[in-house]
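Thanks for coming, everyone. I'll keep this brief. Please have a look at the sequence and the model on the screen.

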Amino acid sequence: EDHERHAVRAALSILQTVEIPCGMGIASGDAVAGTIGSSKRKEYTVIGDTVNTASRVESLCKLFGSSLLIEGSTMNKVRSEI
């Protein structure tokens, strides 16, 4: 519940803390999270269209000279709180 607001606040907190240039993209929606791999090598990951969207949004940070970009429908949900 209220995950959009938490994600944006976490990103803003990270940006205030780190001293290196970085870019973050935020999108919200359904995703699948879990452990994948074999008994020799396991990895926890998330997959889905939402993850792909966040990745594409993040890749635009350099183009726009921004440290944080938020996908439109997510931004509409949190606009009044930031």
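Let me start with a term: buried means under 20% relative accessible area, exposed means over 50%, and partly exposed is in between, with a 1.4 Å probe and protein chains only. Helices (H or I, at least four residues) and strands (E, at least two) are DSSP runs, numbered from the N terminus.

Now the ground rules. This is a predicted model, where local features need pLDDT of at least 70, side-chain atom pairs count only at pLDDT 80 or more, and totals for chains, interfaces and linings use all residues. Residues are numbered from 1 along each chain as its sequence is written, and side-chain values use heavy atoms, with hydrogens and water left out.

Strand β3 covers residues 42-47, and the number buried among its 6 residues is 0, so β3 lies largely in the open. How many of the 6 residues of β2 are buried? The count is 0, so to speak of β2 is to speak of a strand that is hardly covered. Strands pair if DSSP finds at least two bridges between them. Here 6 bridges join β2, residues 32-37, to β3, and the two run antiparallel. They form a hairpin, with 4 residues between them. Take two positions. Ala33 has Val46 as its bridge partner in β3. Gly37 stands opposite Lys42 in β3.

Next, the cysteines. A disulfide is a pair of cysteine sulfur atoms within 2.5 Å. By that rule, the count is 0. Cys22 is in no disulfide: its nearest cysteine sulfur, that of Cys61, is 8.4 Å away. Cys61 is in no disulfide either. How do they sit? Cys22 is partly exposed, at 28% relative accessible area. Cys61 is buried, at 3%.

Now the surface. Ile20 is in the loop between α1 (3-17) and β1 (24-26). Is Ile20 buried or exposed? It is exposed, with a relative accessible area of 61%.

Last stop: Thr74. This residue is in helix α4, residues 72-78. Thr74 is buried, with a relative accessible area of 0%. What does Thr74 touch, leaving aside neighbours within four places in sequence? Counting contact as heavy atoms within 4.5 Å, Thr74 is in contact with Glu4, Ile26, Ala27 and Ser28.

That's the tour. Thank you.
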